[in-house]
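This briefing is for a reader who has not seen the structure before.

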Amino acid sequence: MTESIRALRQAVQEANRIVVLTGAGISAESGVPTFRGSGGLWRNYSPEKLATPEAFAQDPRLVWEWYNWRRSLICQAEPNAGHLALAELERRKASGPGGPSGFTLVTQNVDGLHDRAGSRNVVKLHGDIWQVRCTGCGAEQRNEQVPLANLPPRCACGAWLRPGVVWFGEPLPEAEWDRAVEASSKAQVFLAVGTSAVVYPAAGLAELAQAAGARLAIVNAEPTPLDALADWVLHGKSGELLPRLL
Ligand code: BV8
Ligand code: ZN
């Protein structure tokens with residue numbers, strides 16, 4: 001492992017264009033439960049069952065109870081050494097030859113911990129748990145109320161508000177997806193960190209980057225389907241491994 005950490009650190013230091021794709025695993029050490037790991041269930045519901053428009057249409061209160069619970073955990077959470085290492089790497093790369101596009105952080109997470117860690121160039125593929133959108137008039141607003149006073153919360157127009165996140169079966173926000181594809185197609189090194197790499201199209205960015213010439217690194221606690229493709233595979237905690245790449 002130390003050999004691959006040394007080799008990956010060198011590749012990261014030499015690269016001018018890096019993309020990092022993060023998933024729920026990078027926030028695990030901050031106390032935020034992952035989706036598919038051991039702590040991933042909530043009242044025995046799986047995320048695939050709750051993070052859908054159908055679940056919300058059928059029982060908006062239940063879906064909001066899940067988000068209310070996650071929001072209460074996230075607001076008590078602090079960014080961990082893994083989030084901070086990526087913010088530091090972005091600062092270093094942005095002042096290098098690649099300039100601001102030297103480092104792009106693409107996240108599947110909706111917890112906002114990368115922003116709180118100081119990352120600037122964050123592409124949120126699956127939205128933001130602190131955003132709400134009206135199912136009636138479409139108004140978007142930031143809502144950091146913990147706990148929410150009413151479940152489901154209502155818009156001034158009277159319709160239900162929904163979490164400003166992308167559910168299964170829903171398209172990803174176009175501008176963010178385009179930014180992620182653009183950066184991945186130019187990356188020299190692509191790191192997939194803390195993701196089980198089972199959710200598409202996000203996980204497909206790794207294959208897209210590699211097909212366009214990037215070398216691929218996996219930093220994850222358990223094996224993923226991308227391991228077989230990767231140039232480097234580091235199994236362990238991102239909070240311990242990422243700082244060792246600086
Ligand atoms: C789309 C936001 C098309 C909400 C999420 C069959 C039927 C229906 C759909 C599909 C299907 N097959 C494929 C699909 C598409 C579907 C999909 O991929 N499904 C999967 C489950 C098979 N995708 C979609 O539906 C996407 N939309 O395709 O639209 C379309 C196009 C045009 C028009 C209409 C439609 C939308 C996907 C987005 C869904 N929203 N979340 C919310 O957060 O509440 S997905 C959810 O999973 C989270 O965003 C999460 O980020 C994401 C991926 O999970 P991970 O982040 O990887 O987390 P996970 O728990 O799985 O893994 C954590 C890993 O970390 C583990 O491996 C663990 O070992 C590791 N770890 C733990 N601790 C640590 C660690 N690693 C390092 N250090 C540690 N300390
Ligand atoms: Zn409204």
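**Helix H1 and the zinc site**

What covers the buried residues of helix H1 includes strand S1 (18–22), helix H6 (81–94), strand S7 (189–193), strand S8 (215–220), strand S9 (232–235) and helix H10 (238–241). The model is predicted. In it, a zinc ion (ligand 2) is held by four cysteines, Cys134, Cys137, Cys155 and Cys157.

**Helix H1**

- Helix H1 runs over residues 2–14, and its 13 residues should span 18 Å at 1.5 Å a residue; the C-alpha atoms at its ends are 18 Å apart, so the two values agree.
- The buried residues of H1 are Ser4, Ile5, Leu8, Ala11 and Val12.
- Because these residues cover an arc of only 130° around the axis, they lie on the same side of H1.
- Thr2 and Glu14 are exposed, and they sit on the face of H1 turned away from its buried side.

**Zinc ion (ligand 2)**

- The protein donors are the SG atoms of Cys134, Cys137, Cys155 and Cys157, at 2.2 to 2.3 Å from the zinc ion.
- The 4 donor atoms make angles of 100 to 122°, and the site is tetrahedral.
- For four tetrahedral donors, the ideal angle at a metal is 109.5 degrees.
- Along the chain, the donors of the zinc ion follow the spacing C-x2-C-x17-C-x1-C.
- Cys134 belongs to strand S4 (residues 127–134), while Cys155 is in the loop between strand S5 (140–142) and strand S6 (161–165), so this pair ties together parts that are 21 residues apart in sequence.
- Both Cys134 and Cys155 are buried.

How values were computed
Residues numbered from 1 in each chain as written. Chains lettered and ligands numbered in written order. Predicted model: local features only at pLDDT ≥ 70, side-chain atom pairs only at ≥ 80, totals over all residues. Heavy atoms only, no water. Helix = DSSP H or I, 4+ residues; strand = E, 2+ residues; numbered from the N terminus. Expected span 1.5 Å × (residues − 1). Buried < 20%, exposed > 50% of the residue type's maximum accessible area, 1.4 Å probe, protein only. Arc of directions from axis to C-beta. Contact = heavy atoms within 4.5 Å. Donors = N, O, S within 2.8 Å, 3.2 Å for Na, K, Ca; no water. Tetrahedral: all angles 85-135°; square planar, octahedral: opposite > 155°, others 65-115°.
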